[in-house]
Amino acid sequence: MVCFRLSPVPGTGLVLLCLVLGAVSSYALEFNVTDSEKAVCLFAKWQMNFTIRYETTNKTYKTVTISDFSTASYNGSVCGDDQNNPKIVVQFGSGFSWTVNFTKEESTYSIDSISFSYNTSDKATFPDAKDKGILTVRDAVGFRIPLNDMFRCNSLSTLENSGVVQYYWDVHVQAFVQNGTVSTKEYLCEKDKTSTTVVPITSTAAPSPTTAPTPKEKPEVGSYSVNNSNGTCLLATMGLQLNFTHNKVVSIININPNTTDFTGSCQPRSALLSLNSSNVKYLDFVFAVKNENRFYLKEVNVSVYLVNGSVFSIANNNLSYWDAPLGSSYMCNKEQTVSVSGAFQINTFDLRVQPFNVMEGKYSTAEECSADSDLNFLIPVAVGVALGFLIIVVFISYMIGRRKSRTGYQSV
């Protein structure tokens, strides 16, 4: 744990902000605000990250993931008084700001709203954004919690607004702390009441659904490519089947390449392939270079329109799939599963990808997945066994025939 003791906020006393490097390339933030008498008045500990989808100058769309809060500061966080309600304000990165507002009633307090601001003028994060400036999304939350209780929600929660998806998990928060003592009594969110499983954005086993999905046939294989000023820079061929669980109902969507649009971008150390269709708002595959000599699938972001009109969104920027040397392609003809989260998996069929060093618009030599390698090994073994069996049969037939011939000579 790396703790930073920060300068006091006027009127709030000393604030201690502890940042713990998380296992999924994000940070767990623990935040204590104390009043003028150094008594804790507001406590919060949580994990979060964000995905932002923006339009580029080329009229395409890109998605970036924000998960580094190592530069976070707290300016504006207050305990609250007779005129002002408590709030947590966190600044991080280049122009990012996140604010949570609390309100109080007679016997309860509420997490009233959450605001998130980002600056598309930041060239490092949004190098080719069409619109420049500070944009803010605000979501009404309205979680009502009994006074003197700690609100806990270990399960994954999401907020989506104007292309921004906010992900929260491992949330522990208490506003209006009484007598400087954080409560040990917890008030659980609805998801935690039905499950004790922590659901961060990471690869876990899918929960048992209560409604079985309708079986789907094998998806059609589509071919996708991304071009830049030097020509084709990314190639992908694959059949895609999306499996996701929402409200304990499992759904399956086969991607139809004939009705799917695609775009993307290529950078020296990263590449993006983005798909969208009538029922898939976006499906982003982000590739990265590692160890200067290999590439892999690092990140998947997805947002799917559901039948009831709502939207299912998930993201994971800590994946490690489709690993192959730079200058080659990755191939897996067998069915393969990319586990993006406990609630979302992608099944791929007849997969071949090359996100870097494409020459003359053609795939380079492929590195095969282990499933294909095993199959290629078994084929010659099977052929060898069959030939050996055939030789044995011929030899036995020969010996039987020869024995009969000798018996005939002896009779004469």
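Is C79 buried or exposed at 13% relative accessibility? C79 counts as buried, since the cut-off for that class is a relative accessible area under 20%. The structure described here is a predicted model.

**Disulfides**

Four disulfides are found in a search of the whole structure. Counted along the chain, the bonded cysteines follow the pattern 1-2, 3-4, 5-6, 7-8. Three of these links are set out below.

| Disulfide | S to S distance | Angle about the S-S bond | Handedness |
|---|---|---|---|
| C41 and C79 | 1.6 Å | -50 degrees | left-handed |
| C153 and C189 | 2.2 Å | 75 degrees | right-handed |
| C332 and C369 | 2.1 Å | 70 degrees | right-handed |

C41 and C79 form a disulfide. C41 lies in strand β4 and C79 in the loop between β5 (61-66) and β6 (87-92), so the pair ties together parts that are 38 residues apart in sequence. Like C79, which is buried, C41 is buried, with a relative accessible area of 10%.

The disulfide of C153 and C189 has one end in strand β10 (residues 150-153) and the other in the loop between β13 (186-188) and α1 (190-194), so parts that are 36 residues apart in sequence are tied together. C153 has a relative accessible area of 3% and is buried; C189 is buried as well, at 6%.

A further disulfide joins C332 to C369. This pair links distant parts of the chain, 37 residues apart, with C332 in strand β23 (residues 329-332) and C369 in the loop between β26 (366-368) and α2 (370-411). Both C332 and C369 are buried.

**Salt bridges**

The whole structure holds twelve salt bridges. In one of them, the side chains of R53 and D284 meet at 3.6 Å, N to O. R53 lies in strand β4 (residues 40-55) and D284 in strand β19 (residues 280-290), so this pair ties together parts that are 231 residues apart in sequence. R53 is buried, with a relative accessible area of 16%, and D284 is buried at 0%.

D112 forms a salt bridge with R138, their closest N and O atoms being 3.9 Å apart. Strand β8 (residues 108-119) contains D112 and strand β9 (residues 134-146) contains R138, so parts that are 26 residues apart in sequence are tied together. D112 counts as partly exposed, at 30% relative accessibility.

Between R269 and E292, the side chains meet in a salt bridge of 3.2 Å, N to O. R269 sits in the loop between β17 (261-266) and β18 (270-276), and E292 in the loop between β19 and β20 (294-305), 23 residues apart. R269 is partly exposed at 42% relative accessibility, whereas E292 is exposed, with a relative accessible area of 60%.

Finally, a network of salt bridges links K290, R294, D323 and E367.

Terms used
Residues numbered from 1 in each chain as written. Predicted model: local features only at pLDDT ≥ 70, side-chain atom pairs only at ≥ 80, totals over all residues. Heavy atoms only, no water. Salt bridge = Lys/Arg side-chain N within 4 Å of Asp/Glu carboxyl O. Helix = DSSP H or I, 4+ residues; strand = E, 2+ residues; numbered from the N terminus. Buried < 20%, exposed > 50% of the residue type's maximum accessible area, 1.4 Å probe, protein only. Disulfide = S-S within 2.5 Å.
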